[in-house]
Amino acid sequence: MIAATALLIAMAIDRCFGEPAGRWHPVVWIGRYLGAAGRCLAPRIDGPSRTRYLTFAAGAAAWCAGAAVVALAALAVEALALRLPWLAAAMLLGVALKPMLSWRMLRGEVLAVEASLAESLDA
């Protein structure tokens, strides 16, 4: 019951408000983290050369560390929500689930592509 209600809440938030501003969007946070990690790990032209395997392994480790932080945060939110009454838990989980949905934005992008294709293939 909590999961179904949380999903409906997340879908309602997405329909009413769309995507949050970039500074509040977890996907933007992840992108910034990965961008910073990439800048730190990318081989420098004037620096010592590393093997591609070492650079790949460091990037994979950075990705795994970021994924672990996100997973721990999600588990913490879920643990907190399950201590609340069912409606409050569903609301908290719905708000936390919202960034996983982008139906409103996806629909808008699809309609823009459809309108451009109706004009011409080049558009």
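This is a predicted model: local features need pLDDT of at least 70, side-chain atom pairs count only at pLDDT 80 or more; totals for chains, interfaces and linings use all residues.
Which residue forms a salt bridge with Asp14, and how far apart are the closest N and O atoms? It is Lys98 that pairs with Asp14, and the closest N and O atoms are 2.9 Å apart, where a salt bridge is a side-chain nitrogen of Lys or Arg within 4 Å of a carboxyl oxygen of Asp or Glu. The two partners come from distant parts of the chain, with Lys98 in the loop between α4 (86–97) and α5 (103–119) and Asp14 in helix α1, 84 residues apart.

Residues are numbered from 1 along each chain as its sequence is written, and side-chain values use heavy atoms, with hydrogens and water left out.

Helices, when I name them, are DSSP runs of H or I with at least four residues, strands being runs of E with at least two, and they are numbered from the N terminus.

Let me stay with the salt bridges, of which the structure holds 2. In the other one, the side chains of Lys98 and Glu19 meet at 3.1 Å, N to O. Because Lys98 lies in the loop between α4 and α5 and Glu19 in the loop between α1 and α2, this pair ties together parts that are 79 residues apart in sequence. Through shared partners, Asp14, Glu19 and Lys98 are joined into one network.

How covered are these three residues? For accessibility, buried means under 20% relative accessible area, exposed over 50%, and partly exposed in between, with a 1.4 Å probe and protein chains only. Lys98 counts as buried at 6%, and Asp14 counts as buried at 2%, whereas Glu19, at 24%, counts as partly exposed.

Glu19 also brings in His25, whose side chain makes a polar contact with the side chain of Glu19 at 2.6 Å; a polar contact is a pair of N or O atoms within 3.5 Å, where within protein one must be able to donate a hydrogen and the other to accept it, and residues adjacent in sequence count only if both atoms are side-chain atoms. His25 lies in the loop between α1 and α2 (26–41), and is buried, with a relative accessible area of 7%. Leaving aside neighbours within four places in sequence, His25 is in contact, meaning heavy atoms within 4.5 Å, with Glu19, Pro20 and Pro99.

Ile2 and Ala88 are 86 residues apart in sequence, yet their C-alpha atoms are 9.3 Å apart in space. With neighbours within four places set aside, the contacts of Ile2 are Trp86, Ala89, Ala90 and Leu93.

On the surface, Leu7, Leu8, Met11, Leu97 and Met100 form a nonpolar patch, with about 510 Å² of accessible area together. Helix α1 (residues 2–17) gives the most to this patch, with 3 residues. Leu8, which lies in helix α1, counts as exposed at 59% relative accessibility. Patches are made of residues with over 30% relative accessible area and no salt bridge, like charges being joined within 9 Å and nonpolar side chains (Val, Leu, Ile, Met, Phe, Trp, Tyr) within 5 Å, and the areas come from the Shrake-Rupley method with a 1.4 Å probe, where for residues only the protein chains shown count as cover.

Lastly, the cysteines: the structure holds 0 disulfides, a disulfide being a pair of cysteine sulfur atoms within 2.5 Å. For Cys40, the nearest cysteine sulfur, that of Cys64, is 17 Å away.
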